[in-house]
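Colleague: Please take a close look at one part of this model for me. Start with a single loop residue, then work towards the ligand and the core.

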Amino acid sequence: MTWREYHEATKHSTESLMRSRHTLDWAHMPDPFRHYDGVPVLDLPADPPAPEIPALEVLQGESGATLAGDGGAFLSQLLYHSAAISASKRVPSTGYKYALRVNPSSGNLHPTEFHFATRGLKEWADGLYHYRPSSHMAEQRSLGDFTTNLAGAAAPIVIVLTSIAWREAWKYRARAYRYCLHDVGHAWQALSLAARALGCRSYAIGGFSDDEVALSCRLSEDEWPMLLVAIEAPSVVLRAPDEHETVWFGGKANRLSKETVSYPAIEGIHTATKLDSLPGQPGSAEVPRDGSGEIRLPPPDSSRRGFGAVVRTRRSALDFRGGTESMTLAQLSAVLDAATRPLDADFAAVRFVQLYVYAHRVEGLPAAVYRHWPERGELEQVRPGDQRVAAAGLSLGQDLAANACVAFSMVADLDRADRAHGDRGYRYAHFEAGALGQRMYVAAEALGLRATGIGAFFDDQVHRYLGIEREQGQVVYHFAIGHPVPDPRVEA
Ligand SMILES: Cc1cc2nc3c(=O)[nH]c(=O)nc-3n(C[C@H](O)[C@H](O)[C@H](O)COP(=O)(O)O)c2cc1C
């Protein structure tokens, strides 16, 4: 299977929805929490202090300060503000309570697992760990230096993000691989922003040998390594690395459901996008097409809301208040600025995703669809007029895309990603879309608004509506921002 075949086969259309009659098999819903049982489990200090640097400043590339502490305190702060449980929801009819996390996830199914290797952190043994969000603890799977091997150079912390596709496929079937990739993009930026808020830099590595990483981390076979994130921890938490030999505890991965269903299309796209060895130089680094628009964006709005509070209270809106409440053009400018800042990764020197903006209620901006040209800070009108019916219709009839103040289509130049990185580029374009989404979630929340990622849309109808030819790209993600309706099920 090629990425083109997979992408085509997993497009939504009215016909494909009519054909598919999928009911959720609740008896075999995969457990959202992975454990590697039988290994030492280490506490991460509870309630780590919240980074107070304004979230918008972090999005603009400013760094916060590291609070002096040992390795455990630092890891706790990092994960508490990127991957931990942050709230819960109660289903009124049954009383059933389920967890919500700092990082969002399609269907709240959380296919992404966080493993991390450490080297030379004070009071924290060098080794390989798996993060247990259910109790904010670290499972110690091995002692030894894994970071050098993983990142190609010594790094104090390397996070290995893996996907368990079955968690997502249980609900979304073959299309689920796309959501797994988005999820990784969200998790990457959740980590990268938290690292920056703590005064650290991070660098993501998408080009690695999949099988080698899976083997060296002894991952359960249902977990696929997707992205490595190397974190430069500040000197305050560093000491000389341990010198002993590698010791393995390993642990037995819990079974997530009694039965699993295999999806050949998911196996196919995963195999097609795997690398056997380290990649060479990327192919042609063509610069994306440049364009301009008739509307110049004003300077981005500002907000003093602190990073810790923003990311711990970030939520997806179930729906938005669709009445007369609007957002300002300066707020939209801040969201777009946050979305299009540089990303630190081996695949992000050239960007693949362009934003189309369905402006419903943005003060000073006539209702229309616009294409965003980030280099010039301009919006180019693509279609005039009220876009509410279109935005909801294209998003599989989801009202939230109409009731928001603004909705988005993210269009990725998948062919250019292929020319630069081969089949692996399919992953990168989706990581980028997820990363943009995460940055927009955080920006919206900092501005007193709320966002929702939208993975469900009628692919080719979007292309027709926006007049996008195949060589210009394909839609990979939708998004909405506005004033949320309250969700009484959320408990802090
Ligand atoms: C990639 C992605 C796709 C999503 N697609 C939809 C969608 O189509 N419709 C929707 O209402 N929510 C969607 N969501 C929002 C999730 O349902 C939400 O993140 C999840 O329930 C967890 O809630 P939280 O974001 O408040 O933590 C999506 C989220 C992500 C990350």
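Modeller: Arg-218 sits in the loop between helix H8 (210–216) and strand E10 (224–232). Helices (H or I, at least four residues) and strands (E, at least two) are DSSP runs, numbered from the N terminus. This is a predicted model: local features need pLDDT of at least 70, side-chain atom pairs count only at pLDDT 80 or more, and totals for chains, interfaces and linings use all residues. Residues are numbered from 1 along each chain as its sequence is written, and side-chain values use heavy atoms, with hydrogens and water left out.

Arg-218 has a relative accessible area of 44%, so it is partly exposed. The cut-offs are these: buried is under 20% relative accessible area, exposed is over 50%, and partly exposed is in between (1.4 Å probe, protein chains only). The backbone of Arg-218 has a positive phi, near 45 degrees, though the residue is not glycine. Most residues other than glycine have a negative phi.

His-110 also has a positive phi, of about 50 degrees, and is not a glycine. His-110 lies in the loop between E4 and strand E5 (112–118). With a relative accessible area of 2%, His-110 is buried.

Another histidine comes next. His-81 is in the loop between helix H4 (71–80) and strand E3 (85–90). At 2% relative accessibility, His-81 counts as buried. What does His-81 touch, leaving out residues up to four places away in sequence? Its contacts (heavy atoms within 4.5 Å) include Pro-48, Pro-49, Ala-50 and Pro-51. Val-102, Ala-190, Ala-194, Phe-307, Gly-308, Val-311 and Arg-312 are also among them.

Now the ligand. Arg-314 has a side-chain N or O atom 2.9 Å from an oxygen atom of the ligand. For Arg-315, a polar side-chain atom is 2.7 Å from a ligand oxygen atom. Gln-398 places a polar side-chain atom 2.8 Å from a nitrogen atom of the ligand.

How much of the ligand does the protein bury? Taken alone, the ligand exposes 620 Å², and the protein buries 86% of that. These areas come from the Shrake-Rupley method with a 1.4 Å probe; for residues, only the protein chains shown count as cover.

Next, the nonpolar cores. A core is a set of buried Ala, Val, Leu, Ile, Met, Phe, Trp, Tyr and Cys residues joined through side-chain atoms within 4.5 Å. The largest has 112 residues. Ile-159, Leu-161, Trp-188, Leu-332, Phe-408, Met-410 and Ile-481 touch the most other members. Helix H15 (residues 424–446) supplies the largest share, 13 residues. Apart from this core lies another, of 21 residues, including Ala-390, Leu-394, Leu-400 and Leu-466. In soluble globular proteins, nonpolar side chains tend to be buried together.

Gln-474 lies in strand E21 (residues 474–482). Its relative accessible area is 5%, so Gln-474 is buried. Its side chain makes a polar contact with that of Lys-11, at 3.1 Å.

Leu-414 belongs to helix H14 (residues 414–421), where 7 of 8 residues are buried. Their cover includes helix H1 (3–9), strand E19 (406–412), H15 and E21. Gly-422 follows H14, with a positive phi near 70 degrees.

Definitions and conventions:
A polar contact is a pair of N or O atoms within 3.5 Å; within protein, one must be able to donate a hydrogen and the other to accept it, and residues adjacent in sequence count only if both atoms are side-chain atoms.
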